[in-house]
Amino acid sequence: MKELKIIGLSLLVFGTANAQDAEQAKKAIDAEQYQKAKTILKSLIASDSDEGKNYFLLGDVYLKQTEQDSAAMYFNNGLKAKHDAEYNTIGLGHIDLDNGNASAAAAKFKSVEDELRRKDVEQLIYIGRAYIDSDNPDYKKAIAVLNKAIEKDSKAAAAYLALGDAYIGDRNHNEAYRAYRNATSYDPSLLRADLQLGVITKNTRAAFPEAVEAFNKILAKDPNYGPAYRELAETYYLWGNTDTAKYNEYIKKALEYYEKYMTLTDYSLNSRMRHADFLVLAGDYKALEAEAKKMQQLDKVNPRILRYLAYSAYENGNYAESIKAMTEFMAKVEPKRVIARDHLYLGLAEMASVISEDAQGNTIITDQAVFDKAITDIKAAAEKDIEITNQFNAIGKKLFGQKLYGPASVVFEVATTNPDNRNLFYDNFYLAYSIYYDHLNKSEEAQKENAVQLGKADVALDYVIKASPDAQDAYLYKARVNQRIQSDEAYQRMADAYNEYIRVVTEKGAAEVAKQKANLIEAYSNAGSYYAVTDTAKAIEYYNKVLELDPNDEYAKQELKRLKP
């Protein structure tokens, strides 16, 4: 009997230790210390293969690291466990969601729900998490499932935390804020909820000082809570992009905070990849190249490392190396893993590799086929994610500065397809600007067939004028573009645009008139030639305006002589 009691006590102690270790693993996962969590969970599985939840937690870590095959292996093994095997059904349902099989996932989740006891809540939370964290999320289903969990336990802090995440995904920030507040009120030690409250402040109100204060309060509770340092890094990164006068100061702080975050997670491959992602955002390509090379030492086959090598090689001027790395990356990964930025960098590297200067200093393209592919890749970036067109302004302006007007017009045209592009005003102007100068470079025969492109320029300038009715250069180039279209309607638009240009310049006063003398002579002369056919008095008035600016203008003198009775 004594022996029996001792055995029973030992089992109780072991079971308690096991639970504590599982909680340690959960804390490591929350702190984004995935390698540490994996080590703990593998140890638990080795010591007790009957606890199904450990398999599930381990598989879930692999899912967070996009290693689906490893995750599936642990979930399937966990189905054979004596206790809590149903968690692994949830994990396999998560994989179904990632693979686009929502009906299979729903069937698995239902089979778990049907077997739940009255007080079982955690399983519902993990089902909700699966809907949130999937590659194909369904936030409304997550909200519905998590509300079921809260109906069972109105004080389940983890359920409110997950519910907040679901509302964030559903873009309902007010409800998300409420859910996170509930989570912290029921469990003040739940730092992730406090963290998310700070994230809402940072993202929805751009209240950067308040967000910094929120994250520092978390660190006052636990100075080793790594995710708070990561959020501080991202906050200072965003703040620096908003307050450009302090950009260098805030980017430096951002990088320092991210380095601190790295020291508190683990220097595994996945952690280094998160670091690399931030270095891309911060534009620290020297550090990115060094990080990529360290990652190669850890894993020579992971294709994602090639992405970072391609990015850093381009930014550091190694275009051939960048093309090689990105081409190899795209060949190794599934098409859905290729992002817009990948196409953009490939296109930029290809473009840079074939742009050179001749002996006279003129820009030349050394391989037209490669250049054309570069343009195709840049277009593919926009097709993948239209938001990347916010970066096209710098690309187009660089091409324009190199007098590659045709390619520049292609880039600006793609950029203007995004109605939310923050550079839309200037991209429309440069689109017209590029088309106009490209037209001038064409042969006489090619110019005759260029009316469609000139029409695009005219429309682009209409956008600029609507946005800024006193944009004098927009009127000037609208007139020039329509003069080149060479139709009765176009000549009318030409004259109207010159009139508006004249109005804006003269309203600015004598100093601007003097500055714009040559362009005003052009405007009065060309508009005068139109009115010479439609309104003789107006034509005479305009040619006299030319002579006021330049008494020796022979064209104006000849036209006046011809028009006056």
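Guide: Rings of Phe, Tyr and Trp (for Trp, its six-membered ring) form an aromatic pair if their centres lie within 6.5 Å, and the pair counts as stacked with planes under 30 degrees apart, as edge-to-face with planes over 60 degrees apart, and as tilted for the rest. This is a predicted model, in which local features need pLDDT of at least 70, side-chain atom pairs count only at pLDDT 80 or more, and totals for chains, interfaces and linings use all residues. Residues are numbered from 1 along each chain as its sequence is written, and side-chain values use heavy atoms, with hydrogens and water left out.

Visitor: OK, how many aromatic pairs turn up in the whole structure?

Guide: The search finds 39 aromatic pairs. In one of them, Tyr 531 and Tyr 542, the ring centres are 5.8 Å apart and the planes stand at 90°, so the pair is edge-to-face. The pair links distant parts of the chain, with Tyr 531 in helix H29 and Tyr 542 in helix H30, 11 residues apart; helices here are DSSP runs of H or I with at least four residues, numbered from the N terminus.

Visitor: Are Tyr 531 and Tyr 542 buried or exposed?

Guide: Both Tyr 531 and Tyr 542 are buried, where buried means under 20% relative accessible area, exposed means over 50%, and partly exposed lies in between (1.4 Å probe, protein chains only).

Visitor: Which residues form an aromatic cluster?

Guide: One cluster is formed by Phe 400, Tyr 405, Phe 412, Phe 429, Tyr 430, Tyr 433, Tyr 436, Tyr 437 and Tyr 477. The ring of Tyr 477 also has the charged end of Arg 480 over it, 4.8 Å from its centre, and Lys 260 lies over the face of Tyr 229, at 5.8 Å from the ring centre. A charge counts as sitting over a ring if NZ of Lys or CZ of Arg is within 6 Å of the ring centre and within 35 degrees of the ring normal.

Visitor: Switching to packing, which residues have the most contacts inside the largest nonpolar core?

Guide: Those are Phe 392 and Leu 399, in a core of 123 residues, and the largest share of this core, 9 residues, comes from helix H27 (residues 488-507). Apart from it lies another core, of 62 residues, including Ala 28, Phe 56, Tyr 126 and Ala 157. A nonpolar core is a set of buried Ala, Val, Leu, Ile, Met, Phe, Trp, Tyr and Cys residues joined through side-chain atoms within 4.5 Å.

Visitor: And what does Leu 399 touch?

Guide: Not counting residues up to four places away in sequence, Leu 399 touches Met 351, Ile 355, Phe 371, Leu 404, Pro 407, Ala 408 and Val 411, with contact taken as heavy atoms within 4.5 Å.

Visitor: Which helices do the buried residues of H27 pack against?

Guide: They pack against helix H26 (472-485), helix H28 (510-515), helix H29 (517-534) and helix H30 (536-549); among these buried residues are Met 494, Tyr 498, Tyr 501 and Val 505. As for its length, the expected span is 1.5 Å times one less than the number of residues, so the 20 residues of H27 should span 28 Å, and its end C-alpha atoms, 29 Å apart, agree with that. Just after H27, Gly 509 takes a positive phi of about 105°.

Visitor: Where is Glu 32, and what is its phi?

Guide: Glu 32 lies in the loop between helix H1 (2-30) and helix H2 (34-47), and its phi is near 65°, a positive value in a residue other than glycine. Thr 66, in the loop between helix H3 (52-64) and helix H4 (68-78), likewise has a positive phi, near 55°.

Visitor: Why does Glu 32 count as buried?

Guide: Glu 32 counts as buried because its relative accessible area is 7%, whereas Thr 66 counts as exposed because its relative accessibility is 53%.

Visitor: Where is confidence lowest in the protein chain?

Guide: Confidence is lowest in H1, at a mean of 56, and highest in helix H5 (residues 86-98), at 98; these are pLDDT values, the predictor's confidence in each residue, from 0 to 100. Over residues 1-17 pLDDT stays under 50, and the model has 2 contacts beyond four places in sequence for that stretch. The protein chain averages a pLDDT of 91, and 96% of the residues score at least 70.

Terms used:
Helix = DSSP H or I, 4+ residues; strand = E, 2+ residues; numbered from the N terminus.
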